[in-house]
Amino acid sequence: LINENGLSREEAYDSVQPLAIDAYNNSIDFKELIIKNGLLSKEQIDSIFNLENYSSNVDAVFKRLGLNK
């Protein structure tokens, strides 16, 4: 939202926070709310919710910490 959509950090937060609260309070899928709201493109949403983006270096981190097998 910040880089590609030209929103400030505060504007992005103000756009997403009510959706997150609604998802939490009403047990609604957050991703579905984002899609319905139209804040992001399908490609942006898929990238954000792709867990590989956040776990790709787990093995390297574990190795550095001496936690590898």
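Contact here means heavy atoms within 4.5 Å. Keep that in mind as you click around this predicted model, where local features need pLDDT of at least 70, side-chain atom pairs count only at pLDDT 80 or more, and totals for chains, interfaces and linings use all residues. Residues are numbered from 1 along each chain as its sequence is written, and side-chain values use heavy atoms, with hydrogens and water left out.

**Stop one: two helices**

Select residues 9–26 for helix 1 and residues 30–37 for helix 2. Helices are DSSP runs of H or I with at least four residues, numbered from the N terminus. Which residues meet here? On the helix 1 side, pick Val16, Leu19, Ala20, Asp22 and Ala23; they meet Phe30, Leu33, Ile34 and Asn37 in helix 2. By class, this contact has 7 nonpolar, 1 polar and 1 charged residues. In that count, Ala, Val, Leu, Ile, Met, Phe, Trp, Tyr, Cys and Pro are nonpolar, Asp, Glu, Lys and Arg are charged, and the others, Gly among them, are polar.

Now look at how the pair is arranged. Helix 1 and helix 2 pack at an angle of about 135°, with their axes 9 Å apart. That makes helix 1 oblique to helix 2: angles under 35 degrees count as roughly parallel, over 145 as roughly antiparallel, 65 to 115 as roughly perpendicular, and the rest as oblique. The axes are lines fitted to C-alpha atoms over the stretch in contact, and angles run from 0 to 180 degrees between N-to-C directions.

Leaving aside neighbours within four places in sequence, Leu19 is in contact with Phe30, Leu33, Ile34, Asn37 and Leu39. Buried means under 20% relative accessible area, exposed over 50%, and partly exposed in between (1.4 Å probe, protein chains only).

Hop over to Ala20, also in helix 1. Ala20 counts as partly exposed, at 32% relative accessibility.

**Stop three: the loop**

Between helix 1 and helix 2, click Ser27 in the loop. Color it by phi if you can: Ser27 has a positive phi of about 50° although it is not a glycine. Most residues other than glycine have a negative phi. Ser27 is also exposed, with a relative accessible area of 70%.

Ile28 is in that loop too. At 35% relative accessibility, Ile28 counts as partly exposed. Not counting residues up to four places away in sequence, Ile28 touches Asp22, Ala23 and Leu33. Draw a line from Ile28 to Tyr54, and the C-alpha atoms are separated by 23 Å.

Finish in helix 3, residues 42–48, by selecting Gln44. Is Gln44 buried or exposed? Gln44 counts as buried, at 15% relative accessibility. Beyond residues up to four places away in sequence, Gln44 touches Glu4 and Asn5. Glu4 is exposed, with a relative accessible area of 64%.
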